[in-house]
Amino acid sequence: IVDRIRAVLREKADERTLASSQRFFKEPAKSYGVDIQQCSRIARQLWPEVKKLKKEEVFKLCEELFASDYNEEAHIVSSWLPKMIEQFDEDDWHIFQGWIEKYINNWAKCDSFCNHTMGDYLMKFPEYIDRLKEWALSENRWVKRAAAVALIIPARKGHFLNDIFEISDKLLSDNDDMVQKGYGWLLKSTSEAHQKEVYEYVLK
């Protein structure tokens, strides 16, 4: 499956897309030069085959894709995992945290993985919100950003308000712009359900 994904990505690679994609990143970003829509299409086409596998086998595929460091392969991982929410169990937290620490190295990988996979996980296991707060104290910029962007989807639904403010307090004085943009986005998303509370928090 991984070999087929990579063959299709090489086939779809476009030099102009590759050149333009780098301008969205301050750090070097490893890419084939395939746009997000194409990546999502590849993920959808293979999902009927992938979903027949055991969860452990799917996770092994995901780790192999993450390990390549290509943005497009990471996007495919982030397209598959939210479809497996019913199979998530508490022990998966350690796997997901390990992937973030080891493989996430730009905002695109962080956001696409955390928005839905981690957001869905926390909706299923809300008691893990205290573990998420620990991420806000990490020395890894992407783990800190993950502490914020993992709550984007739950925030829009009105969940975790006090926890969001607590995480924002921890990140508020961080000098990293990627972290600042992460918690700024989180507060903006939170305001969709709690405008008054976020307004008062920002003023304070």
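Residues are numbered from 1 along each chain as its sequence is written, and side-chain values use heavy atoms, with hydrogens and water left out. Because the model is predicted, local features need pLDDT of at least 70 and side-chain atom pairs count only at pLDDT 80 or more, while totals for chains, interfaces and linings use all residues.

Rings of Phe, Tyr and Trp (for Trp, its six-membered ring) are taken as a pair if their centres lie within 6.5 Å, and the pair is called stacked when the planes are under 30 degrees apart, edge-to-face when they are over 60, and tilted for the rest. By this rule the model holds 20 aromatic pairs. In one of them, the rings of F88 and Y121 have centres 6.5 Å apart and planes at 40°, so this pair is tilted. F88 sits in the loop between α5 (71-80) and α6 (92-103) whereas Y121 belongs to helix α7 (residues 107-124), so the pair ties together parts that are 33 residues apart in sequence; helices here are DSSP runs (H or I, at least four residues), numbered from the N terminus.

Buried means under 20% relative accessible area, exposed means over 50%, and partly exposed lies in between, with a 1.4 Å probe and protein chains only. F88 counts as buried because its relative accessibility is 3%, and Y121 counts as buried at 0%. Y121 also pairs with Y128, edge-to-face, at 5.5 Å centre to centre and with 85° between the planes, and Y128 is buried as well as Y121. One aromatic cluster takes in F88, Y121 and Y128, and its other members include F66, F96, W99 and F113.

In general, nonpolar side chains tend to be buried together in soluble globular proteins. Setting aside residues up to four places away in sequence, F113 is in contact (heavy atoms within 4.5 Å) with F66, S78, L81, F96, W99, I100, I104 and M118.

Helix α7 also meets helix α9 (residues 141-149), and the contact is made by W107, C110, D111, C114 and N115 of α7 together with W142, R145, A146 and V149 of α9. One of these residues, R145, lies in helix α9 and counts as buried because its relative accessibility is 6%. Apart from neighbours within four places in sequence, R145 is in contact with W107, C110, D111, M178, V179, K181, G182 and W185.

Nine of the 10 residues of α5 are buried, so this helix is largely enclosed by the rest of the structure. Among the buried residues of α5 are N71, E72, E73 and W80, and what covers the buried residues includes α1 (2-12), α3 (36-50), α4 (55-67) and α7.

Y32 is buried, with a relative accessible area of 12%. From C-alpha to C-alpha, Y32 and E15 are 8.5 Å apart in space, although 17 residues separate them in sequence.

Key: Helices (H or I, at least four residues) and strands (E, at least two) are DSSP runs, numbered from the N terminus.
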